[in-house]
Amino acid sequence: MTLLRTLIWFAIAAAAMLGAVWLARRPGTVTAEWHGWRLDTSVGIVLVALVLLIAVCFGLWLLYRWIVGAPGALIEGWGEGRRRRGYRELTQGLAAVAAGDGVEAQKHARKADQLLSEPGLTLLLSAQAAQLNGDRDAANRAFTAMLEDEQMAFLGLRGLIGQALREGDRAKALAYAERAFRLRPQTPWVVHSLFDMQAQTGDWKSAQATLDTGLRRKVVGADRGRTLKALLLVERSRIAERDGNAADALALAREAFGLAPERIAVTRRLAELQIKASDGKRAMKTLERGWAVAPHPDLARLYVDASGESEALKKVGVVRRLAEKNPGDIESHVALAQASIEAGLWGEARRHLETAGGAHPTARVCRLMAEVEEHANSDPAGVRNWLGRATDAPSDRSWRCSACGAHHETWRSVCESCGAFGTLQWRAPGTFGQILPPEERVALAATAQQ
């Protein structure tokens, strides 16, 4: 850039020199008469005078502009300095919030509010400072005032949602979440928060509409959305049955099974309705497909009910047919052991329990072994030994929330501990639920439509 400027100045100087030489080779005179005055001079002097006159006029114009614009420039400079000070206070206030110093943050918020004409930013800082100080009323006032600013309304709603949840006012939090969803339906935390709140209140249709929006906008993953929709359909099926719409309840359960047959609650729901409809054979097929990917004791009991068998020995055969769908899982061996105990087949029961327990039997296996010892051998010492081992044995599978880890006796769609929807899995502590392979999912979906 410096070289370019140098070349330009050289070009201008060369042009001036060439002009001077051209004028020197062409001498001439200029004569002017005005009111008795006569002026005789050369052409070169006239040109120089003309250039000087233009320069003086340009200088006078610049002086005029500076005089006229000086007051505005002074005011603008003062305002710019005020804004700089205001943003400095705002920055220091945010730093204080990050450090957890509510008093310091509030002090900077007041100064920033005095210096800046941008209430949205200063309100946000004031609200955060009030939250740090535990002043809920001040925080609510600040967040509510932010709703008047179109650009800050969304942040204000987020703050109000948090405030309402901390105060335990779920109805107000839901109303704020719905308003935030209308403003920005593509924001992930809005979709997830609104969905969970609607599920917690049992508004299953609205929750499904929110979920569908999240899927369309790619906020919710396809696999997770499929599972959540299936569980919503399970709840809607229960509502339909409660309202006396058995056909709708069955249709919703069948749709849920087609979406997520790997979820135990979905398989159980469809099988229960098929049994109530006196369609035991179809219920057994449903349970067999479900057991192949996600065994559970409730499914084994439903399978026996669907078979219609009442004799204990025949029940063993029924359970064996179900266990063959997933022979390597502990639930298959435990189910066969329980059926064998009911039929008095102690040796068969012991064999399955030993296979299920391995080197480190779980508490449930230990208790069943104690029952076998009691009835088969009448051995009090053996019973005490197994019951003692049960106290220190590894935990059994149970319904546990994958979000917070809370234990539940029975499955429910919403965790009672953290309020998350669809997070209960049948698993042992520290393990994860089973995932259905794609090829199994297709086969199960086809079965559900039969």
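This is a predicted model: local features need pLDDT of at least 70, side-chain atom pairs count only at pLDDT 80 or more; totals for chains, interfaces and linings use all residues.

Me: Which helix is R364 in?
Reply: R364 sits in helix α18, residues 363-377.

Me: And what does the R364 side chain make a polar contact with?
Reply: With the side chain of E331, at 2.9 Å.

Me: Which residues does R364 touch, leaving out those up to four places away in sequence?
Reply: E331 again, plus P297, V334 and D396.

Me: OK, switching to strands. How are the faces of β3 covered?
Reply: β3 covers residues 398-401, and both of its faces are covered. S398 and R400 are buried on one side, W399 and C401 on the other.

Me: Which strands does β3 pair with, and in what sense?
Reply: With β5 (residues 424-427) in the antiparallel sense, over four bridges. β3 also pairs with β4 (residues 407-408), again antiparallel, over two bridges.

Me: How many residues are between the strands in the β3 and β4 hairpin?
Reply: Five, and G405 in that hairpin takes a positive phi near 80°.

Me: New topic: which residues form the nonpolar patch on the surface?
Reply: L4, I8, W9 and I12, with about 440 Å² of accessible area together.

Me: Where's I12, and what's its relative accessible area?
Reply: I12 is in helix α1, residues 2-24. I12 comes out at 47%, so it counts as partly exposed.

Methods: Residues are numbered from 1 along each chain as its sequence is written. Side-chain values use heavy atoms; hydrogens and water are left out. Patches are made of residues with over 30% relative accessible area and no salt bridge: like charges are joined within 9 Å, nonpolar side chains (Val, Leu, Ile, Met, Phe, Trp, Tyr) within 5 Å. Accessible areas come from the Shrake-Rupley method with a 1.4 Å probe; for residues, only the protein chains shown count as cover. A salt bridge is a side-chain nitrogen of Lys or Arg within 4 Å of a carboxyl oxygen of Asp or Glu. Buried means under 20% relative accessible area, exposed over 50%, partly exposed in between (1.4 Å probe, protein chains only). Two strands pair if DSSP finds at least two bridges between them. A polar contact is a pair of N or O atoms within 3.5 Å; within protein, one must be able to donate a hydrogen and the other to accept it, and residues adjacent in sequence count only if both atoms are side-chain atoms. Contact means heavy atoms within 4.5 Å.
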